[in-house]
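Please look over the sequence and the structure shown below before reading on. The report that follows takes up a few local features in turn.

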Amino acid sequence: AFCLAAAPVRADDTLAAVRQKGTLVVGVKNDYRPWGFIDPSGKIVGLEIDLAQEVADKIGVKLELVPVTAVNRMEFLRQGRIDLVIATLGDTPERRKIIGMVEPNYFAGATNVLAPKSAGLKSWSDLKGKKVCAVQGAYYNRRVAQLYQPDMVVFPAVPDGMNALAAGNCVAFLFDDTLIESTLSSGDPKWASYEMPLPSEDPQLWAMAVRLEDLDSPFGKLLSQMSTAWLKSGHIIALEAKWGIKPSP
């Protein structure tokens, strides 16, 4: 069997390739507290970083983190710049045609807005014709635009959209309710006069993602087994408690 170790790695066997290079490269968020964010020492930390580290440990390799955004994460995966995405990725039928979504899903979020209490927003229809800040590449932008007809102002990343909201350039910031909840509970005085005023809509499962051809490979199967074990053992719930996240149904 030891002779086989020298055999070239098949193009579709990402797990063997990762072992051979000794590093797992994972695309993560660095602007989405508490899932993936930069701590005061400059390190990327968060619940998804913990999951990424566990995958690397399981394979027995070093972990390399690559910050990604909603716009570039699927492209980085397809180009082979990263091996895996764990980056608050909503699992949609459209995206399943492009990349491999690992089941079972490890979390679910929904859509809401962060708004100053003074805006007095009561229902989604209150957004009609008003300037709403959003982040490029977020799956819910189109749905909200079609249903409620706000004047969408789209930014490349989360901090840009939130800064524009704080500067009064829009009446609300449209995003995933998980980020809004963690922002409001952070104790940051900047957000003390803000609220999440609307009922959350359009619940969305989150998935780890691999290249489409990796989904049924040893790599995809290992990730699926790990996600199953995380859910069965209550490990995800423990991590949610560690990072101050409300457990998702």
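Does A134 count as buried or exposed? In this predicted model, A134 has a relative accessibility of 0%, and therefore counts as buried.

## Surroundings of A134

A134 belongs to strand β9, which covers residues 131-135. Leaving aside residues up to four places away in sequence, A134 touches N141, M152, V153, V154, F155, F173 and L174. A16, by contrast, is 118 residues from A134 in sequence, and the C-alpha atoms of A134 and A16 lie 39 Å apart in space.

Several residues of α2 are buried, including L47, I49, L51, V55 and I59. Just after α2 comes G60, which takes a positive phi of about 90°.

Two packed helices are described by the angle between their axes and the distance between the axes. For α2 and helix α9 (residues 235-242), the axes come within 10 Å and cross at roughly 135°, which means that α2 is oblique to α9. The crossing of these two helices, α2 and α9, is right-handed. On the α2 side, L47, D50, L51 and E54 take part in the contact, where they meet H235, I236, L239, E240 and K242 of α9.

## A sheet of three strands

The strands β2, β3 and β4 form an open sheet in the order β2-β3-β4, with antiparallel pairing. Both β2 (31-32) and β4 (44-45) stand at the edges with a single partner strand each, so one side of each has no neighbour in the sheet. The antiparallel pairing of β2 with β3 (residues 36-38) extends over 2 bridges, and Y32 has G36 in β3 as its bridge partner. The loop between β2 and β3 holds P34, which is joined to R33 by a cis peptide bond with omega of about 0°.

## Other backbone features

Most residues other than glycine have a negative phi, and most peptide bonds are trans. A cis peptide bond, with omega near 0°, leads from E103 to P104, and P104 lies in the loop between β7 (99-101) and β8 (107-116).

Q149 has a positive phi, near 50°, and is found in the loop between α5 (140-148) and β10 (151-155); with a relative accessibility of 42%, Q149 counts as partly exposed. D202 also has a positive phi, near 55°, but its place is in strand β13 (residues 201-206), and its relative accessible area of 26% makes D202 partly exposed.

Key. Residues numbered from 1 in each chain as written. Predicted model: local features only at pLDDT ≥ 70, side-chain atom pairs only at ≥ 80, totals over all residues. Heavy atoms only, no water. Buried < 20%, exposed > 50% of the residue type's maximum accessible area, 1.4 Å probe, protein only. Helix = DSSP H or I, 4+ residues; strand = E, 2+ residues; numbered from the N terminus. Contact = heavy atoms within 4.5 Å. Pairing = 2+ DSSP bridges. Axes fitted to C-alpha atoms, helices over the stretch in contact; angles between N-to-C directions. Parallel < 35°, antiparallel > 145°, perpendicular 65-115°, else oblique. Left-handed = near helix turned anticlockwise from the far one by under 90°.
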